[in-house]
Amino acid sequence: MSEILFLAHRVPFPPNRGDKIRSAHLLKKLATLGRVHVGSFVETEEDRAGVGQVEALAASHCVVNRGKPLALAGVQAMLTGKPVSLTAFESPRLARWVRDTLVKHPISTIVVFSGQMGQYIPDDFAGQVVVDLCDVDSAKFDSYAEAGERMWLNAREGRLLAREEERLARRADHVILISENEAELFRSRLRSPSMANVEVMGNGIDAGFFDPGKVEPHPEIAKRPGPHFVFTGQMDYPPNERAALWAIGSFLSALRADHPEAELHIVGRAPTAALRRQGDREGVTIWGEVPDIRPFIAAADCVIVPLTIARGVQNKVLEAMAMARPVLLTPEAATGIDARDGEHWLLCDAEPEAMRERLEGLFSDAEKPSTLGRDARQFVLDNHDWDAMLAPLDEWVFPGEKGKSSAAG
């Protein structure tokens, strides 16, 4: 009976950030298709608490503590000519476990989540290989370098990751990207695009969880006059940090000229020191990590997503839409979601005055916010159901066969 080896750069549980949401749903889907063996890393106590959920789904597993300091990974990368992203996830223990698992079990398919884990695919493995890159990491580092951030290091990382992406494109039977835009970008960066079988598998949303009818607005926010604007995400991630600082320094300042009681709420784990310092500014609250993001979204008069560097589909956008909130976002943040401007969201470049004008048009019509939010939620229900997003895996994982749902037990 065919079995699956699933390799992920981070334990998928709890699914409380973009990559973990996707990998958690991917693992759950694979467990309906056959017996799954899971190799992964943990970094935090929160990750370790999620190992039990992996055990419940997996026939066997190996979870390795990723404790290598970034500085050491950087030195090793320089000495070996590899990307830092790969050396940071090197583990002899995990490599041994992969080899042993392939010997002991009838693994017919290896599914890799995130490019860092492609290094564990043995060269002599003759079965099916499916690699979910999500987005084009090499292009992200190129963007950092072009923006003047640690230019030499980021340019090096982008160049070396591009080589690894080319290798994986040749090695895999299917390379998955999160949107057609990312797939086209990936193909355009390959020296031999015809050698790669590039597929698109979008992100879904758990609309039953992100349901405005099940959540009350955050009480502390609800009692303040507002209007209230919310930006969510992992706040030590550079594109999120940059967007949050811009929203505080530019967007809110322009908005408060017309709405002096307007407030901006930055919600998400690990806010940087630069962001925490902004918490003393009038109208700004840096909430940090919260147990449940939904009350903050529910309390928002508008969710803003002013990203200028973005890869793939933004879960924060789908979550806000599912919660029936108006969303003001940049074209970069809209990538991979085929919603319509003015009907499902408000699309605008990251220019304070332009965003202010879009919001004035929203708030001048008493019915517009609720109509926009209602249509946004319906769009998510119609287009981003997880079952529909993951359905192609049936054929990609076991080509020519149907998944054996009974095998998961």
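Biologist: Is Asp132 buried or exposed, and at what relative accessibility?

Modeller: The model is predicted: local features need pLDDT of at least 70, side-chain atom pairs count only at pLDDT 80 or more, and totals for chains, interfaces and linings use all residues. Residues are numbered from 1 along each chain as its sequence is written, and side-chain values use heavy atoms, leaving out hydrogens and water. Buried means under 20% relative accessible area, exposed over 50%, and partly exposed in between (1.4 Å probe, protein chains only). Asp132 counts as buried, because its relative accessibility is 1%.

Biologist: Which side chain meets Asp132 in a salt bridge?

Modeller: A salt bridge is a side-chain nitrogen of Lys or Arg within 4 Å of a carboxyl oxygen of Asp or Glu. The N to O distance is 2.9 Å, and the partner of Asp132 is Arg22.

Biologist: How many salt bridges does the structure hold, and which residues are linked in a network of them?

Modeller: The total is 29 salt bridges. Asp19 and Arg17 form one of them, with their closest N and O atoms 2.8 Å apart. Asp19 is buried at 19%, while Arg17 is partly exposed at 26%. The network links Arg10, Arg17, Asp19, Glu43 and Arg66.

Biologist: Where do Arg187 and Glu184 both lie?

Modeller: Their side chains meet in a salt bridge, 2.6 Å from N to O. Arg187 is partly exposed at 23%, and Glu184 is partly exposed at 43%. They sit three residues apart, about one turn, in helix 9 (residues 180–188).

Biologist: Why do the buried residues of helix 4 line one face?

Modeller: Helix 4 spans residues 70–80, and its buried residues are Ala73, Gly74 and Ala77. The arc is that of the directions from the helix axis to the C-beta atoms. Seen down that axis, these residues line one face because they fall within an arc of 100°.

Biologist: What does the cover over those buried residues include?

Modeller: The other side of helix 4 has Ala71 and Leu79 exposed. Just after the helix, Gly81 takes a positive phi of about 75°. Contact here means heavy atoms within 4.5 Å. The cover over the buried residues includes helix 5 (84–87) and helix 8 (151–171).

Biologist: Which residues form a nonpolar patch on the surface?

Modeller: Patches are made of residues with over 30% relative accessible area and no salt bridge; like charges are joined within 9 Å, nonpolar side chains (Val, Leu, Ile, Met, Phe, Trp, Tyr) within 5 Å. Accessible areas come from the Shrake-Rupley method with a 1.4 Å probe; for residues, only the protein chains shown count as cover. One member lies in helix 8 and is partly exposed at 39%. Together the patch has about 330 Å² of accessible area, and its residues are Met78, Trp152 and Leu153.

Biologist: Which backbone oxygen does the side chain of Thr109 reach?

Modeller: Thr109 lies in strand 4 (residues 107–113) and is buried at 0%. Beyond four places in sequence, its contacts include Glu3, Ile4, Phe125 and Phe398. A polar contact is a pair of N or O atoms within 3.5 Å; within protein, one must be able to donate a hydrogen and the other to accept it, and residues adjacent in sequence count only if both atoms are side-chain atoms. At 2.7 Å, the side chain of Thr109 reaches the backbone oxygen of Val397.

Biologist: Which backbone oxygen does the side chain of Thr335 reach?

Modeller: Thr335 is in the loop between strand 12 (327–329) and strand 13 (346–347). Thr335 counts as buried, at 17%. Leaving aside neighbours within four places, it is in contact with Ser179, Asn181, Gly312 and Val313. At 3.1 Å, its side chain reaches the backbone oxygen of Glu332.

Biologist: With which residues is Ala139 in contact, leaving aside its neighbours within four places in sequence?

Modeller: Ala139 lies in helix 7 (residues 137–146) and is buried at 7%. Its C-alpha atom is 38 Å from that of Lys104, 35 residues apart along the chain. The residues in contact with Ala139 are Leu185, Arg189 and Arg311.

Technical notes
Helices (H or I, at least four residues) and strands (E, at least two) are DSSP runs, numbered from the N terminus.
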